Amino acid sequence: MLMTEWGKKLNPDHILQEYPRPQLKRDSYVNLNGWWDFTACWGEPKYDKKILVPFCPESALSGVEEHFEEGIGLCYRRYFSLPEGFNKGRVLLHIGAADQKADVYVNQRKVCSHIG
């Protein structure tokens, strides 16, 4: 495993929390990088692993360090609450790296899909 000096100093409890596009920064912002439930599956997910987002499953920094066969679904799950005082008028959920297909659920309800 190749690890840089920055990877060795990484704090998984405060992973890359800076706003990704400073010129478009919003007042109410929550970064969901960090530990997520994770599994690779063909059917119903059984979240048996943890993954450190935003790193891909193959990387050492993800905590998974596995390559999965082509076509298998990679499922991520994260529970969170919006902080006190968060502007709850309209919430934008930005997913920065969904490869091929993504189905997004909020409160167990499918809110969107993306292919491409």
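Visitor: Let us start with strand β1, residues 34-41. How many of its residues are buried?
Guide: Six of the eight residues in β1 are buried, so the strand is mostly covered. Buried means under 20% relative accessible area, exposed means over 50%, and partly exposed lies in between (1.4 Å probe, protein chains only). Strands are DSSP runs of E with at least two residues, helices are runs of H or I with at least four, and both are numbered from the N terminus.

Visitor: What kind of model is this, and how are residues numbered?
Guide: This is a predicted model, in which local features need pLDDT of at least 70 and side-chain atom pairs count only at pLDDT 80 or more, while totals for chains, interfaces and linings use all residues. Residues are numbered from 1 along each chain as its sequence is written, and side-chain values use heavy atoms, with hydrogens and water left out.

Visitor: Which strands form a sheet with β1?
Guide: The open sheet has three strands in the order β2-β1-β3, with antiparallel pairing. Two strands pair if DSSP finds at least two bridges between them.

Visitor: Which strands stand at the edges?
Guide: Those are β2 and β3; each has a single partner strand, so one side of each has no neighbour in the sheet. From one strand to the next, the twist averages 40 degrees. For such angles, axes are lines fitted to C-alpha atoms, for helices over the stretch in contact, and the angles run from 0 to 180 degrees between N-to-C directions.

Visitor: How many bridges join β1 to β2?
Guide: Five bridges join β1 to β2, which covers residues 49-53. Within this pairing, glycine 34 is opposite valine 53 of β2. Five bridges also join β1 to β3, residues 73-77, where alanine 40 has leucine 74 as its bridge partner.

Visitor: Now the aromatic rings. How many aromatic pairs are there?
Guide: A search of the whole structure finds three. One of them is tryptophan 36 with tyrosine 76, edge-to-face, at 6.5 Å centre to centre and 80 degrees between the planes. Rings of Phe, Tyr and Trp (its six-membered ring) pair if their centres lie within 6.5 Å; planes under 30 degrees apart count as stacked, over 60 as edge-to-face and the rest as tilted.

Visitor: Where do those two residues lie in the chain?
Guide: Tryptophan 36 is in β1 and tyrosine 76 is in β3, 40 residues apart. Tryptophan 36 is buried, at 18% relative accessible area, whereas tyrosine 76 is partly exposed, at 34%.

Visitor: Which other residue forms an aromatic pair with tyrosine 76?
Guide: Phenylalanine 38 does, also edge-to-face, at 5.1 Å centre to centre and 70 degrees between the planes. Phenylalanine 38 lies in β1 and tyrosine 76 in β3, so this pair ties together parts 38 residues apart in sequence. Phenylalanine 38 is buried, with a relative accessible area of 0%. Trp36, Phe38, Phe68 and Tyr76 form one aromatic cluster.

Visitor: A change of topic: is aspartate 13 buried or exposed?
Guide: Aspartate 13 counts as exposed because its relative accessibility is 70%. Aspartate 13 lies in the loop between α1 (5-8) and β1. Aspartate 13 and tryptophan 35 are 22 residues apart in sequence and 8.1 Å apart in space, C-alpha to C-alpha.
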